[in-house]
Amino acid sequence: MFDIERWQEIFETLRKNKLRTFLTGLSVASGIFILVILLGFSKGIENGVTSQFQQDATNMITVWTGRTTKEYKGLNPGRYVQLKNDNFDMISQKYEDYIEYETSLYSIWGGTISYKGESGNYRIRGVMPDHQFIENADISVGRFVNQSDYNENKKVAVIGNKLKTDLFKDEDPIDKNISVFGMNFKVIGVFYDPGGEREENQAYIPISTAQKVFNAGDNIRNMLFTVKMSDNFDDAVALSQSISKGIEDQIKQIHTVAPDDTSAVRVYNTLEEAKKIYSLIDTIKAVFWFVGIGTIIAGIVGVGNIMLIIVKERTKEIGIRKALGALPMSIVGMILQEAVFVTMFAGLFGLIFGLGLLELVGPQVQSDFIKYPQVDFNIALTTVFLLVFAGAVAGFIPAYRAAKIKPIIALRDE
């Protein structure tokens, strides 16, 4: 515990060395400030990336096709690989023990949808019931497409919130009929999507209905699957990679596509991509910690240097104290208290200023990949305590040297 006289003594000592003290404190404060800001923005990057993945399921496998680019088994390049219902059913059955949700899709871009005097061009997607969970489409009113709609080829539609606002304004759309290319579909639900207006600017109908009304036969555009997650993230990634490779190989075999033709059959694994991005985030965090701690170490070195200078300038005073009976530990404590005071005051100042800036600026940062930069207060406070400890360690060497000074030598010092 410090008494008032000891506090006054510390302030007086630091006042005499005010320029050095200010520069050292500034170095320590700036180190904590920079570390807090860097940690805040690394958290903001993590929040932004996480929000991007939350728009769809993170454990999703997407399959789509294009044209072949290589000759294979006597077949010329340039063939379009058309996915069929049988392809989806075969894959679904093969991996049913590992698949959580699944859907095939048949999409129409720029479909004309109208209601009374309002109309517009919107994306129309034929889907299966599980699509709601794969795309994280949250139902605000009504319901999503169900198995009965799919089995019976019902002309029902689930519209996005943006589409509902365009066509219905404030009117309740449930059980109202919309016209899709002149065909009536009953609205059974309205959904909103974390992806925003772009995702809400569309309508979902049963894929069986879409294939029938758009004369698609048994053609499908895409296939989506989600893999059952395990407690171990790496195991889940490995399973997802294995299934992705198996699906790709199977489709290429069915449609006689060269194994190394990367354009004809494409399989996108979001879990694998998530692992890459989260690994990159961890690397960014490590770099930020390295830069921040490096700045703090520079400040700690400054604390050690100023304590050396203070000890040098107070050599005679220390000699008098020892001549009057001061114990070595009291000399050590005196120097350490000054080192701790500088690091604690400067560290708390940098911490408060950094947290305040993040609280002020953080809510304004709303880019796609940086959202709500913030820092865990407990981590930041722990860093300050570690800084104070490091400051004490930095001041120990000068304090120890001061305690070893012999009174007679100290009194002769000029």
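Strand 7 (residues 177–180) and strand 8 (residues 183–192) pair in the antiparallel sense, with four bridges between them. The model is predicted. Strand 8 also pairs with strand 6 and with strand 5.

**Strand 8 and its cover**
- Strand 8 is mostly covered.
- Of its ten residues, seven are buried.

**Pairing with strand 7**
- Ile178 stands opposite Phe185 of strand 8.
- Strand 7 and strand 8 form a hairpin with two residues between the strands.
- In that hairpin, Phe181 has a positive phi near 50°.

**Pairing with strand 6**
- Strand 6 (residues 156–160) runs parallel to strand 8, and five bridges link the two.
- Ala157 has Val187 in strand 8 as its bridge partner.

**Pairing with strand 5**
- Strand 5 (residues 138–142) is antiparallel to strand 8.
- Four bridges join this pair.
- Asp138 is bridged to Tyr192 of strand 8.

**Helix 6**
- Helix 6 spans residues 161–168.
- Which of its residues are buried? They are Leu163, Lys164, Leu167 and Phe168.

Methods: Residues are numbered from 1 along each chain as its sequence is written. This is a predicted model: local features need pLDDT of at least 70, side-chain atom pairs count only at pLDDT 80 or more; totals for chains, interfaces and linings use all residues. Side-chain values use heavy atoms; hydrogens and water are left out. Buried means under 20% relative accessible area, exposed over 50%, partly exposed in between (1.4 Å probe, protein chains only). Two strands pair if DSSP finds at least two bridges between them.
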